[in-house]
Amino acid sequence: MLHRMERDGYLVSRQEREGRTVRKLYTITTKGKEGLALAKERIREFTGEAMHK
């Protein structure tokens, strides 16, 4: 899922090495923040509709 979000421009990643351990860290992009805001709004709309039925 994270790889696809990175490919689609919602995240960027970087690798960080700590001894022999390599970690991949992700940061949300502007496009990712916009997509998250839209998803939150859709969830609010859906839960509001579901609660009133």
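User: Where is Thr-47 found?

Analyst: Thr-47 is in helix α2. Helices here are DSSP runs of H or I with at least four residues, strands are runs of E with at least two, and both are numbered from the N terminus. Before we go on: this is a predicted model, where local features need pLDDT of at least 70, side-chain atom pairs count only at pLDDT 80 or more, and totals for chains, interfaces and linings use all residues. Residues are numbered from 1 along each chain as its sequence is written, and side-chain values use heavy atoms, with hydrogens and water left out.

User: Which pattern does the protein chain follow along the sequence?

Analyst: Reading along the sequence gives α-β-β-α, with two helices and two strands in the secondary structure.

User: How do I read strand pairing, and in which sense do β1 and β2 pair?

Analyst: Two strands pair if DSSP finds at least two bridges between them. Here β1 (residues 11-18) and β2 are antiparallel, over eight bridges.

User: Is Thr-29 buried or exposed?

Analyst: The general idea is relative accessible area: under 20% is buried, over 50% is exposed, and anything in between is partly exposed (1.4 Å probe, protein chains only). Thr-29 comes out at 17%, so that residue is buried. Its place is in the loop between β2 and α2 (30-51). Compare two others: Val-22, in strand β2 (residues 21-28), is partly exposed because its relative accessibility is 40%. Thr-47 has 39%, so that one is partly exposed too.

User: And what does Thr-29 contact, leaving aside neighbours within four places in sequence?

Analyst: A contact means heavy atoms within 4.5 Å. Thr-29 is in contact with Gly-9, Tyr-10, Leu-11 and Val-12. With residues up to four places away not counted, Val-22 touches Gln-15, Glu-16 and Arg-17.

User: Which charged end sits over the ring of Tyr-10?

Analyst: For this feature, NZ of Lys or CZ of Arg must be within 6 Å of the ring centre and within 35 degrees of the ring normal. Lys-31 does it here, with its charged end 5.0 Å from the centre of the Tyr-10 ring.

User: What radius of gyration does the protein chain have?

Analyst: The radius is taken over C-alpha atoms, and the globule rule is 2.2 Å times the number of residues to the power 0.38. A compact globule of 53 residues would be near 10 Å, but this chain has 16 Å. The C-alpha atoms fill a box of roughly 55 × 20 × 15 Å along the principal axes. Buried residues make up 6% of the 53. Among contacts with a separation of 6 or more, residues 24 or more positions apart account for 3%.
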